[in-house]
Amino acid sequence: MGITGLILAGGLSTRFGSDKAAAVVAGKPMLQWVVDALDGVCETIVVVRAAGHVLPGVACSRPLEVVEDMYVAMGPLAGLVTGFESIEEGVCFATSCDAPLLRGGLAPFLAARLGTADIAAPVVEGRLQPLNAVYRVERC
């Protein structure tokens, strides 16, 4: 089953204080860390950004598409909707741009557990993790 990577990079970063996607961690922008994690396991990668937001340049060996969030300042759920609209069908692994420690193996691990469900998401300390989850795009 092919997986599309969906990276949300449209937040205002108000608590962080600066652009999270461009913040440098160990010599690379956080967005590049996430792209690197998904590059080897996803067929394509879609990045959702806020309208007019300039993302840092990233390198990727897979097709990478940047789309503008259809909703202004409506949060990550709205970003997911925008991402789902840009992915015609199949399964996507959704995450945020501020996850430099993400391991690419999480996407196929969750996809393998999707079965007939619409979503496969980890639960950490009793809390659902919807921004590190696999979604069946046409149903969500």
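## Exposure and the model

A residue is called buried when its relative accessible area is under 20%, exposed when that area is over 50%, and partly exposed in between. Asp-118, at 29% relative accessibility, therefore counts as partly exposed. The structure described here is a predicted model.

## Overall form

The protein chain holds 3 helices and 10 strands. Read from the N terminus, their order is β-β-β-α-β-β-α-β-α-β-β-β-β. A compact globule of 140 residues would have a radius of gyration near 14 Å, and the protein chain, at 14 Å, agrees with that. Along the principal axes, the C-alpha atoms of the chain fill a box of roughly 40 × 35 × 30 Å.

Of the 140 residues, 41% count as buried. Among contacts in the chain with a separation of 6 or more, 59% are made by residues 24 or more positions apart. The accessible surface of the chain is about 7500 Å², and carbon and sulfur atoms account for 56% of this area.

## Helix 1

Helix 1 covers residues 30-39 and is largely enclosed by the rest of the structure, because 8 of its 10 residues are buried. The buried residues of helix 1 are Met-30, Leu-31, Gln-32, Val-34, Val-35, Ala-37, Leu-38 and Asp-39.

What do the buried residues of helix 1 pack against? Their partners are strands: strand 1, strand 2, strand 3 (28-29), strand 4, strand 5 and strand 6.

## Charges and salt bridges

The protein chain carries 10 positive and 14 negative side chains, and the centres of these two sets are 8 Å apart. Across the whole structure, a search finds 5 salt bridges. Three of them, those of Lys-20, Arg-49 and Arg-139, are described below.

One of the salt bridges joins the side chains of Asp-98 and Lys-20, with an N to O distance of 3.2 Å. Asp-98 sits in the loop between strand 6 (91-96) and helix 3 (106-112), and Lys-20 in the loop between strand 1 (3-9) and strand 2 (24-25), so the pair ties together parts that are 78 residues apart in sequence. Both ends are partly exposed: Asp-98 has a relative accessible area of 29%, and Lys-20 is at 21% relative accessibility.

A second salt bridge is formed by Arg-49 and Glu-68, whose closest N and O atoms are 3.0 Å apart. Here Arg-49 belongs to strand 4 (residues 44-49) and Glu-68 to strand 5 (residues 64-68); the two residues are 19 residues apart, and the pair links distant parts of the chain. Arg-49 is partly exposed, with a relative accessible area of 22%. Glu-68 is also partly exposed, with a value of 39%.

## Asp-118 and two arginines

Asp-118 forms a salt bridge with Arg-139, in which the closest N and O atoms are 2.8 Å apart. This pair again links distant parts of the chain: Arg-139 is in the segment after strand 10 (132-136), Asp-118 is in the loop between helix 3 and strand 7 (119-120), and 21 residues separate them. Leaving aside neighbours within four places in sequence, Arg-139 is in contact with Thr-116, Ala-117 and Asp-118. The C-alpha atoms of Arg-139 and Gly-75, which are 64 residues apart along the chain, are separated by 20 Å.

Arg-136 is found in strand 10.

## His-53

His-53 lies in the loop between strand 4 and strand 5. Is His-53 buried or exposed? At 17% relative accessibility, His-53 counts as buried, because this value is under 20%. Apart from residues up to four places away in sequence, His-53 touches Ala-9 and Asp-19.

Note on methods
Residues numbered from 1 in each chain as written. Predicted model: local features only at pLDDT ≥ 70, side-chain atom pairs only at ≥ 80, totals over all residues. Heavy atoms only, no water. Salt bridge = Lys/Arg side-chain N within 4 Å of Asp/Glu carboxyl O. Helix = DSSP H or I, 4+ residues; strand = E, 2+ residues; numbered from the N terminus. Buried < 20%, exposed > 50% of the residue type's maximum accessible area, 1.4 Å probe, protein only. Rg over C-alpha atoms; globule rule 2.2 N^0.38 Å. Contact = heavy atoms within 4.5 Å. Areas by Shrake-Rupley, 256 points an atom, 1.4 Å probe, with all protein chains shown as cover. Lys, Arg positive; Asp, Glu negative; His and termini not counted. Charge placed at Lys NZ, Arg CZ, Asp CG, Glu CD.
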